[in-house]
Amino acid sequence: MIETTQLSRHFGSKVAVDNVTLRVESGKILGLLGPNGAGKTTMLRLLATLIKPSSGTAYVDGLSVTKEAERVRSIVGVVSENQALYENLTVYQNLDFSGKMYHVPSPTRTERIRDLLELFELWDQRSNKVGTLSKGLKQRLVISRALVHDPKVLLLDEPTANLDPQASLKTRKLLLDQARQDSKTVIISTHNLREAEKLCDEIAVMNCGKILAKGEAFDLVRLVENGEAIELKVRNISSAQMMGLENALHPNSFSIKGDVVTVSLGNYDSEAPKVIRRIVELGIEIIEARRSSPELEEIILRIIEETEYA
């Protein structure tokens with residue numbers, strides 16, 4: 001489990017993480033999403049004890065990141081922006097060195113290294129120097145290194161960057177297994193919104209060092225105005241009917257693309273029937289109607305914009 005209370009980190013006058021209170025249970029995956037400079041990477045570095053907080057507290061599996069930093073590091077696996085691999089060592093030697101640093105016993109280490117290299121299709125590369133690998137292969141090795149000591153907590157900064165679709169899929173499945181089967185706590189910073197939606201139990205939206213919203217993707221929809229919409233496929237809409245829509249649908253915003261009319265709704269269940277009735281009264285034939293939710297990217301942008309202008 002990870003728990004922070006009013007956690008902050010300043011770099012001079014710049015506030016990188018601002019009074020963040022957060023809780024992630026064991027066996028859960030949290031996605032940190034937000035623009036560049038939002039504080040996501042700094043948050044991960046604080047939890048990994050790579051930097052110290054300016055104020056507040058953070059506990060990883062019950063251990064203080066300030067008072068018990070060495071013990072925290074022993075149970076955390078980290079994938080950072082900087083891959084920090086030993087380019088003059090082989091693939092195998094990189095993992096073996098990391099395993100030794102975490103005091104993984106020799107027989108266990110040998111077995112675990114082979115399992116990870118085979119899982120990420122690096123076994124045939126084990127004798128090659130890391131400096132000869134592509135970016136994608138290096139990223140697979142970085143993820144393997146984070147897992148070599150079987151950590152209780154995973155802190156991952158853009159873990160699938162540089163990976164091909166097959167390797168990305170394999171990594172997502174592995175992380176789900178690590179969380180569900182092994183009860184690991186996982187935090188992922190990512191710009192891959194589709195990945196976050198498929199992988200994460202909850203999503204936290206960060207900007208300017210603050211957590212603006214946290215919840216399942218479905219719950220975040222409810223936080224934004226006009227969070228849902230109805231899409232109506234219509235037949236042969238005329239110019240006159242298009243002009244009549246604005247008055248008929250006020251105050252709802254709407255758009256027309258080809259033969260599809262999309263109407264934003266504050267409350268789908270109460271407003272959708274009224275919208276359908278108004279469109280039918282204009283003499284517009286509706287072929288199909290379906291509920292539509294905004295994309296995760298749109299939700300995050302709305303949350304950030306609404307906070308900035310609040």
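**A chat about one predicted chain**

Reader: Hi! Let me start with Asn-236: buried or exposed?

Author: Hello! Asn-236 is exposed, with a relative accessible area of 69%. Please keep in mind that this is a predicted model.

Reader: Thanks. Where is Asn-236 found?

Author: Asn-236 sits in the loop between strand E11 (228-235) and helix H9 (239-249).

Reader: And what is the phi of Asn-236?

Author: The phi of Asn-236 is near 50°, a positive value in a residue other than glycine. Glu-158 also has a positive phi, of about 50°, although Glu-158 is not a glycine.

Reader: Where does Glu-158 lie?

Author: Glu-158 is in a loop too, the one between strand E7 (153-157) and H6.

Reader: Let's zoom out. How many helices and strands does the chain have?

Author: There are 11 helices and 14 strands in the chain. Taken along the principal axes, the C-alpha atoms fill a box of roughly 75 × 45 × 35 Å.

Reader: What share of the residues counts as buried?

Author: Of the 310 residues, 47% count as buried. The chain exposes about 16,100 Å², and carbon and sulfur atoms supply 48% of that area.

Reader: What about contacts between residues 24 or more positions apart?

Author: Such residues account for 70% of the contacts in the chain with a separation of 6 or more.

Reader: On to the inside, then. Which residues touch the most other members in the largest nonpolar core?

Author: That core has 41 residues, and the ones touching the most other members are Ile-29, Leu-117, Leu-141, Leu-156, Val-186, Ile-188 and Leu-220. Helix H5 gives the most to this core, with six residues.

Reader: What does Val-186 touch?

Author: Leaving aside residues up to four places away in sequence, Val-186 touches Val-24, Lys-28, Ile-29, Leu-30, Leu-154, Leu-156 and Ala-179. There is also a second, separate core of 27 residues, which includes Leu-47, Ala-58, Leu-63 and Ala-204.

Reader: Now the aromatics. How many aromatic pairs are there?

Author: The count comes to one aromatic pair. Tyr-86 and Phe-97 form that pair, with 5.3 Å centre to centre and 80° between the planes.

Reader: Why does that pair count as edge-to-face?

Author: Because its planes are 80° apart, and an angle over 60 degrees counts as edge-to-face. The pair links distant parts of the chain, 11 residues apart: Tyr-86 is in the loop between strand E6 (76-79) and helix H3 (91-101), while Phe-97 is in helix H3.

Reader: What is the relative accessible area of Tyr-86?

Author: Tyr-86 comes to 43% and is partly exposed. Phe-97 is partly exposed as well, at 36%.

Reader: Which residues make the nonpolar surface patch?

Author: Tyr-86 and Phe-97 turn up again there, along with Met-101 and Tyr-102, and the patch covers about 400 Å².

Reader: Last topic, charges. How many salt bridges does the count come to?

Author: The count comes to 21 salt bridges. One of them pairs Lys-210 with Asp-18, where the closest N and O atoms are 3.0 Å apart. This pair links distant parts of the chain, with Lys-210 in strand E10 (residues 210-215) and Asp-18 in strand E2 (residues 14-24), 192 residues apart.

Reader: What about Asp-18, buried or partly exposed?

Author: Asp-18 counts as buried, at 19% relative accessibility. Buried means under 20%, so the value of 19% for Asp-18 falls below the cut-off. Lys-210 counts as partly exposed, at 39%.

Reader: With which side chain does Glu-25 meet in a salt bridge?

Author: The partner of Glu-25 is Arg-23, at 2.6 Å from N to O. Glu-25 is partly exposed at 36% relative accessibility, and Arg-23 is partly exposed at 39%.

Reader: And how about Glu-121 and Lys-170?

Author: Their side chains meet in a salt bridge of 3.2 Å, N to O. Glu-121 is in the loop between helix H4 (106-119) and helix H5 (135-147), and Lys-170 is in helix H6 (residues 165-180), 49 residues apart. Both are partly exposed, with Glu-121 at 44% and Lys-170 at 27%.

Reader: Which residues do the shared partners join into one network?

Author: Salt bridges that share partners bring Glu-121, Arg-140, Asp-164 and Lys-170 into one network.

Methods
Residues are numbered from 1 along each chain as its sequence is written. Side-chain values use heavy atoms; hydrogens and water are left out. Rings of Phe, Tyr and Trp (its six-membered ring) pair if their centres lie within 6.5 Å; planes under 30 degrees apart count as stacked, over 60 as edge-to-face and the rest as tilted. Helices (H or I, at least four residues) and strands (E, at least two) are DSSP runs, numbered from the N terminus. Buried means under 20% relative accessible area, exposed over 50%, partly exposed in between (1.4 Å probe, protein chains only). A salt bridge is a side-chain nitrogen of Lys or Arg within 4 Å of a carboxyl oxygen of Asp or Glu. Patches are made of residues with over 30% relative accessible area and no salt bridge: like charges are joined within 9 Å, nonpolar side chains (Val, Leu, Ile, Met, Phe, Trp, Tyr) within 5 Å. Accessible areas come from the Shrake-Rupley method with a 1.4 Å probe; for residues, only the protein chains shown count as cover. A nonpolar core is a set of buried Ala, Val, Leu, Ile, Met, Phe, Trp, Tyr and Cys residues joined through side-chain atoms within 4.5 Å. Contact means heavy atoms within 4.5 Å.
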